[in-house]
Amino acid sequence: CLLWLQQQGIPAEINQAIKPSSEAIIDYVQKYSPGVLLINRDSDAVGESQIYRIINEFDCPLILC
């Protein structure tokens, strides 16, 4: 995925959290303002309220996959 983006001339960085917590994800979004945030919808670490918080508080596209 990263290689393809680079070949297209799209600057990208991928950061993967192995065992994320909702607060760690929110802290990351606040600190780095990612262009796109992908969250596994089956993750136990991020609840519905945290997803709504990310949607409402941050200017960051969110993809639930």
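The largest pocket of this predicted model has a volume of about 930 Å³. A pocket is here an open set of points on a 1 Å grid over the protein atoms alone, where a 1.4 Å probe fits, with protein on both sides within 12 Å along at least five of seven lines; lining residues have an atom within 4 Å of a point. The volume is the space filled by probe spheres set on the points, which are joined across faces, edges and corners.

The lining of this pocket comprises 28 residues, and Ile14, Asn15, Val36, Leu37 and Leu38 lie nearest its centre. Helix α2 supplies the largest share, 4 residues; α2 and β1 (37-39) each give at least two.

The chain contains 3 helices and 2 strands, in the order α-α-β-α-β from the N terminus. Helices (H or I, at least four residues) and strands (E, at least two) are DSSP runs, numbered from the N terminus. The C-alpha trace spans about 35 × 20 × 20 Å along its principal axes.

Helix α2 (residues 22-32) packs with helix α3 (residues 48-57) at an angle of about 5°, their axes being 10 Å apart. The two helices are therefore roughly parallel, a term for angles under 35 degrees. Axes are lines fitted to C-alpha atoms over the stretch in contact, and angles run from 0 to 180 degrees between N-to-C directions. With contact meaning heavy atoms within 4.5 Å, the residues involved are Ser22, Glu23, Ile25, Ile26 and Gln30 of α2, and Gln50, Arg53 and Ile54 of α3.

Rings of Phe, Tyr and Trp (its six-membered ring) pair if their centres lie within 6.5 Å; planes under 30 degrees apart count as stacked, over 60 as edge-to-face and the rest as tilted. There is 1 aromatic pair by this rule. The ring centres of Tyr28 and Tyr32 are 4.8 Å apart and their planes stand at 40°, so the pair is tilted.

Residues are numbered from 1 along each chain as its sequence is written, and side-chain values use heavy atoms, without hydrogens and water. Local features need pLDDT of at least 70 and side-chain atom pairs count only at pLDDT 80 or more, whereas totals for chains, interfaces and linings use all residues.

How values were computed: Parallel < 35°, antiparallel > 145°, perpendicular 65-115°, else oblique.
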